[in-house]
Amino acid sequence: MKNLIVLFGLLCLFSAPLNVSAQSDSVEVLNVVQKLFDAIEQQDSIAFRALFAEDAMKYIAIVRNGEVIRTMSGAAAGRVPNSPGEKLLETMRSKGVQVEVHGKMAMAWVPYDFTINGEFSHCGIDACTLVKLGQEWKFALIAYTVEYDQCGDW
């Protein structure tokens with residue numbers, strides 16, 4: 001029995017650094033997502049582009065009344081989406097955010113709300129795949145929904 005306790009203690013000791021590393025990577029990934037939201041709010045195309053891997057892609061599904069009415073795909077690292085004079089704000093919801101990290105790849109599932117000039121515009125899910133290039137996490141793929149209704153507490 002004593003050997004089992006010692007073995008369990010050693011397993012906990014050796015696995016602790018792995019958990020701390022995965023947690024810090026998860027925090028870093030969410031920080032990159034927040035930097036994307038900040039670049040959109042600040043209309044900073046340079047900061048926006050710097051968050052993406054060179055060949056990153058984006059996919060958009062616009063949903064109305066439960067139906068996808070339009071999808072678009074193409075290079076992700078373009079300019080910040082905006083219209084002159086509009087104040088854009090994307091905020092991460094506090095519920096439902098998930099991050100999975102495996103080595104130098106991560107997935108972030110981020111429910112969000114989007115306002116234009118302080119008025120609710122839409123909600124959705126950002127499903128992001130990030131890769132760690134050097135010491136930085138970069139978006140490789142960002143797919144997101146744009147939903148105008150049914151934005152309840154999901």
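Start by selecting His122. At 10% relative accessibility, His122 counts as buried, because the cut-off for buried is under 20%. The model on your screen is a predicted one. His122 sits in strand β6. Now show its side chain together with that of Ser121. A polar contact of 2.9 Å joins the two side chains.

**The whole chain**

Zoom out and colour by secondary structure. The protein chain holds two helices and seven strands. Follow the elements from the N terminus and they run α-α-β-β-β-β-β-β-β. The chain has 154 residues, and 31% of them count as buried.

**The disulfide**

Go back to strand β6 and select Cys123. Which residue forms a disulfide with Cys123? The partner is Cys151, and the two sulfur atoms are 2.0 Å apart. Cys123 is in strand β6, residues 119–133, while Cys151 is in the segment after β7, residues 136–147. The two cysteines are 28 residues apart, and the pair links distant parts of the chain. A disulfide is a covalent bond between the sulfur atoms of two cysteines.

Turn the view to look along the S-S bond of Cys123 and Cys151. The angle about that bond is -85°, and the link is left-handed. A search of the whole structure finds one disulfide.

Is Cys123 buried or exposed? Cys123 has 0% relative accessibility, so it counts as buried. Cys151 has 18%, which is under the 20% cut-off, so Cys151 counts as buried too. Select Cys128 as well. At 2% relative accessibility, Cys128 counts as buried.

Next, select residues 98–102 and 105–116. These are strands β4 and β5, and they run antiparallel. Five bridges join them. The bridge partner of Val101 in β5 is Ala106.

Select Gly103, which is in the loop between β4 and β5. Is Gly103 buried or exposed? Its relative accessible area is 53%, and exposed means over 50%, so Gly103 counts as exposed.

**Past the end of β5**

Follow the chain to Asn117. Asn117 lies in the loop between β5 and β6. Its phi is positive, about 55°, although Asn117 is not a glycine. At 45% relative accessibility, Asn117 counts as partly exposed.

**The end of helix α1**

Jump to Glu41, which is in helix α1. Glu41 is partly exposed, with a relative accessible area of 29%. Glu41 and Lys87 are 46 residues apart along the chain, and their C-alpha atoms are separated by 6.9 Å.

Then select Gln43. Where is Gln43 found? Gln43 is in the loop between α1 and α2, and α2 spans 45–50. Phi of Gln43 is near 55°, a positive value in a residue other than glycine.

**A pocket to finish**

The last stop is the second largest pocket. Rolling a probe the size of a water molecule over the atoms shows where empty space is left. The second largest pocket has a volume of about 170 Å³. To show its lining, select these residues:

- Glu28, Asn31, Val32 and Lys35
- Ala50 and Leu51
- Gln135, Glu136, Trp137 and Lys138

Which elements give two or more residues to this lining? They are α1, residues 2–42, and β7. The largest share, four residues, comes from α1.

Now colour the lining by residue type. Four of the lining residues are nonpolar, two are polar and four are charged.

Terms used
Residues are numbered from 1 along each chain as its sequence is written. This is a predicted model: local features need pLDDT of at least 70, side-chain atom pairs count only at pLDDT 80 or more; totals for chains, interfaces and linings use all residues. Side-chain values use heavy atoms; hydrogens and water are left out. A disulfide is a pair of cysteine sulfur atoms within 2.5 Å. Buried means under 20% relative accessible area, exposed over 50%, partly exposed in between (1.4 Å probe, protein chains only). On a 1 Å grid over the protein atoms alone, a cavity is a set of points where a 1.4 Å probe fits but cannot get out, and a pocket is an open set with protein on both sides within 12 Å along at least five of seven lines; lining residues have an atom within 4 Å of a point. Grid points are joined across faces, edges and corners, and a volume is the space filled by probe spheres set on the points. Ala, Val, Leu, Ile, Met, Phe, Trp, Tyr, Cys and Pro count as nonpolar, Asp, Glu, Lys and Arg as charged, and the others, Gly among them, as polar. Two strands pair if DSSP finds at least two bridges between them. A polar contact is a pair of N or O atoms within 3.5 Å; within protein, one must be able to donate a hydrogen and the other to accept it, and residues adjacent in sequence count only if both atoms are side-chain atoms.
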